[in-house]
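Visitor: Please take a close look at one part of this model, a pair of packed helices and the loops beside them. Start with the setting, then go to the detail.

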Amino acid sequence: MSRRPRIAAAAAAAVLFAAVGAVLVLTTPWNPLPGDVPGGRVKADPALDFSPAEIARSRAFDSAVTPPAYAGLLTGLVLILVLGLTPLGSRFIAWTTARVRRWPLRVTVAAVALTTLLRLAGLPFDLWSESVLRRYGLSTQSRPEWLLDQLKSLAVTWVIYTIALLLLYALMRRFPRYWWAGAAAAGSVLVIAVSFLYPVAVEPVFNTFHKLPQGRLRSDLLAMAERDGVPVKDVLVADASRRTTSLNAYVSGFGSTRRIVLYDTLLKSPPARIESIVGHELGHAKRNDVLWGTLVGAMGVAGAVCLLYLLLTSPRLLRRAGVPLAAPDGPPNSAGSPPDGPPPAEPPSAGATAARKARGTGAADPRSLALLLALVAAGTQIGTPVQNLVSRRIEARADAHALDLTRDPSTFIAMQHELSVRNISDLNPDALEYLLWMTHPAGPDRIAMARNWSGIHGVAVFIAAPSASGVERPPSTGTAVIAVFIAAPLASGLGGPPSAGTAVIAASLRTRP
Ligand SMILES: [Zn+2]
């Protein structure tokens, strides 16, 4: 009899994932720069624009920061998979919640305990990454400041996870067979809510923002947005310099919360370069990339919830995870180990007890939480390469937009060069790095695109040859600090880009240059 909800959930998952696939295939700019380049397209070549010293520095930084990134990713994944797919996780939860009676409190304690454990496991690798960043001058934070940031991101994680999990377990208890339908809808709403609220509720936790003061730059940027036909509420400056020396800007929020945010580190760059970056951000705004990302994320999360239901109600997986099973037809099987929870406060009738027990067994038992997080981590990791692939194309389209808007490929190339050098970006990522980390095309890819743009539009590029002189001061990766907050407990990959657990939600939140 429990086949019907499973068939319905499987059908819903298939429809939702097919819809996500169709939207991605149809709306991703697979060819972000259409047009014929006289003489053929040029390919990315770091040696064209970067000095041997810059290339050597990028290599050295990459090999210093890659080990902690991979080690942290792997450790986070292995830990959560071991906890979720063996009885260890459910025992850990039973132990941490042994003195807790009410289920909402048990879910809360379990969520906080598990996310904290995962975060602690990732901490050594983050410290390792952070020390590399500091050695290369990318991080400007003292260790206590850095630790405070970690604590804040953990607190944000607790809040988001606890709210989401309380909703989920309430639905599981109330509707053991059809909770996935409500949870899919609630998950979608949560993705959209977080995307809207992120700029106003979460960003201020990490940075202080002030309006870009009246002046030439501000009026030029707003005029450019106007010319572009993109409504921008405000241009803000984030005090990123107290954390990092890297350059960045992004558009966050949409509708009435949309604003362009510049890192204060960027303000020292020549205005034309800032316009080049803001042109890129306007490209995101014009195409509503954040809104689309949010909607696709919402559908993806809904599909994932349906899939989660199928897996979480699998007796084999539950048994493997050491979670007591519910009997197939309602009341729990008395042969299975009883929930660890304390007995009801007052002795109710036998029927009421059975009903109450049935509500908290199987997937609805808070001890299933480790299994749940393991499935989410695995799903997220599987989805990451696809997200990155699509993201890189969308970023390339925003680059093409910046070029169309400024018609200044020389400045664009100079800015990309500055970005890559200051952020010590990987100039030559390997295939695995593209799959796992690269949300943006590499600097030389972006520069090659500018050359191709200039070929298509007949606008000459004037570039000084790469200087053989000293290396500029550094950085990049620090930017991941904030974006990864949702994923924080699952892994750590300051090494560049997002990390193992980068939740579906996080990916849809913001876009960077
Ligand atoms: Zn971008």
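Guide: Two residues are in contact if their C-beta atoms, placed from the backbone, lie within 7 Å. Among contacts in the chain between residues at least 6 apart in sequence, those joining residues at least 24 apart make up 81%. The model is predicted: local features need pLDDT of at least 70, side-chain atom pairs count only at pLDDT 80 or more, and totals for chains, interfaces and linings use all residues. Residues are numbered from 1 along each chain as its sequence is written.

The chain holds 18 helices and 5 strands. Of its 513 residues, 49% count as buried. Buried means 20 or more other C-beta atoms within 10 Å of the residue's own, exposed means 12 or fewer, and partly exposed lies in between; C-beta atoms are placed from the backbone.

Now the pair. Helix α10 covers residues 289-312, and helix α13 covers residues 369-406. Two packed helices are described by the angle between their axes and the distance between the axes. Here the angle is about 150 degrees and the axes are 11 Å apart. Axes are lines fitted to C-alpha atoms, for helices over the stretch in contact, and angles run from 0 to 180 degrees between N-to-C directions. α10 and α13 are therefore roughly antiparallel. The classes are: under 35 degrees roughly parallel, over 145 roughly antiparallel, 65 to 115 roughly perpendicular, the rest oblique. The crossing of α10 past α13 is right-handed, that is, the near helix is turned clockwise from the far one by less than a right angle.

Which residues meet? From α10 come Asp289, Ala304, Leu308, Leu311 and Leu312. From α13 come Leu371, Leu372, Leu375, Gly379 and Ile394. By type, this contact has 8 nonpolar residues, 1 polar and 1 charged. Nonpolar covers Ala, Val, Leu, Ile, Met, Phe, Trp, Tyr, Cys and Pro; charged covers Asp, Glu, Lys and Arg; the others, Gly among them, are polar.

UniProt, in an unreviewed entry, places a "transmembrane region" at several spans, including residues 290-312. Its positions are given in the numbering used here, feature names are shortened, and annotations may be inferred rather than shown by experiment. Residues 153-171 are 100% helix and 0% strand, with end C-alpha atoms 27 Å apart.

Next, the loops. Most residues other than glycine have a negative phi. Asparagine 288 has a positive one, near 55 degrees. Asparagine 288 sits in the loop between α9 (271-286) and α10. It counts as partly exposed because 14 C-beta neighbours lie inside 10 Å. Arginine 407 also has a positive phi, about 50 degrees. Its place is the loop between α13 and α14 (409-422). Arginine 407 is partly exposed, with 14 other C-beta atoms within 10 Å.

α9 and α14 meet at an angle of about 85 degrees, their axes 9 Å apart. That makes α9 roughly perpendicular to α14. Ala272, Arg273, Ser276 and Ile277 of α9 make the contact with Thr411, Phe412, Ala414, Met415 and Glu418 of α14. These residues divide into 5 nonpolar, 2 polar and 2 charged.

Definitions and conventions. Helix = DSSP H or I, 4+ residues; strand = E, 2+ residues; numbered from the N terminus.
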